[in-house]
Amino acid sequence: MPSIRIVDVTNTEAFGLVPPCADPGFDHRSCDYWENAEAGSKAARLAWLQGGSGGAGGGAGAAGAPAKPKTGNPFLDDLSDHEPTANPFAKGGSGAAAANPFAPAAAAPAFNPFALGDDDRLADNPFAPKPRAPRGPGRDAPRKLQLLGRGSGVFGSYAKVLLVDDQPAAYCQFGPLTAYPRAQRLRDLYPQLPASPLPAVITCISTTAAARGAGWAARLVAAVCDDLNERGFAAIEAYPERRARVDATPSATPEFWLAAGFRIAVDDERYPVLRRELG
């Protein structure tokens, strides 16, 4: 009997277990197709596999963005790009401001036992909440792992890998509808779908070429459904594409989802919606 293990993709080590797509033109390790409704791509982007990659769609202020041209006007340029200037009227502080005889001396802030912060005195306050270590991947993690970790502190994991004898065999990406704008936009095309409660969605399910035909993808989907049921979701939806090549679609086929206990909620000619009620 093979050893089966399902791993939540929440850190760099687990992300390293995510297998590449069977079609080398695509790669769910660098795919932001579902996360970016306007400019998302399924393309393989090797740079995204490196830590600290800003990736496409990083937005203004993302790491690696070009610096803004300087105007020479400190009221127009970003103040963060300038050395701090001395303000002779500022209270306390160091540098030129400290030499201002008109500024009152800085006073230590009064200790507030109910305030949040890094003050060591909080350790002696039994009423102050204990500080929690930040959850989710850091800013130096691969771009896709950062996307998968956006809601880890509230929702939990957004992806799982199924291992057979410690070898990756299947991958699944899922999460709340609000995490995947493209799924929301696709869903908006079908007003007959229930508006409340909003479902969780499974955006991607894939099996490695070597592991096909053994039922590992179905087993992983069953585990994801059980997980989402425990997280309180009432339903799950998937959005497969009819007549697509097996290697070209991350969303499987309608027949796959029917066998996994889903039903056809919208029988569209190309993009049907498959839905499974939970609980």
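**Salt bridges up close**

A: Lysine 144 and glutamate 35 are both buried (under 20% relative accessible area; exposed is over 50%, partly exposed in between; 1.4 Å probe, protein chains only). Their side chains meet in a salt bridge, N to O at 2.8 Å. The term covers a side-chain nitrogen of Lys or Arg within 4 Å of a carboxyl oxygen of Asp or Glu. Lysine 144 sits in helix α2 (residues 143-148), while glutamate 35 is in the loop between α1 (12-15) and α2, so this pair ties together parts 109 residues apart in sequence.

This is a predicted model, where local features need pLDDT of at least 70, side-chain atom pairs count only at pLDDT 80 or more, and totals for chains, interfaces and linings use all residues. Residues are numbered from 1 along each chain as its sequence is written, and side-chain values use heavy atoms, with hydrogens and water left out.

Now the next pair. Lysine 160 forms a salt bridge with aspartate 227, and the closest N and O atoms are 2.8 Å apart. Lysine 160 belongs to strand β2 (residues 159-164) and aspartate 227 to helix α4, so the link ties together parts 67 residues apart in sequence. Lysine 160 and aspartate 227 are buried too.

Aspartate 227 has another partner. A salt bridge joins aspartate 227 to arginine 231, again with closest N and O atoms 2.8 Å apart. How covered are these two? Aspartate 227 has a relative accessible area of 14%, so it counts as buried. Arginine 231 has 25%, so it counts as partly exposed. Elsewhere, salt bridges with shared partners join Arg187, Glu237, Arg263, Arg275 and Glu277 into one network. The total is 14 salt bridges.

β4, helix α4 (residues 216-230) and β5 make a right-handed β-α-β unit (with the strands pointing away from the viewer, the path from the first strand over the helix to the second runs clockwise). Strand β4 (residues 200-207) is mostly covered, with eight of its eight residues buried. β4 pairs in the parallel sense with strand β5 (residues 235-238) over three bridges; pairing takes at least two DSSP bridges. Alanine 200 has isoleucine 236 in β5 as its bridge partner. Strand β3 (residues 167-176) runs antiparallel to β4, joined by seven bridges.

Step back to the chain. It has five helices and seven strands (DSSP runs numbered from the N terminus: helices H or I, at least four residues; strands E, at least two). In sequence order the pattern is β-α-α-β-β-α-β-α-β-α-β-β. Of its 279 residues, 38% are buried. Contacts are heavy atoms within 4.5 Å. Among contacts with a separation of 6 or more, 61% join residues 24 or more positions apart.

How far can the model be trusted? The average pLDDT of the chain is 78, and 70% of the residues score at least 70; pLDDT is the predictor's confidence in each residue, from 0 to 100. Residues 113-123 fall below 50, and this stretch has 14 contacts in the model beyond near neighbours in sequence. Residues 128-134 are also below 50, with four such contacts. Where pLDDT is low, the predicted coordinates should not be read in detail.
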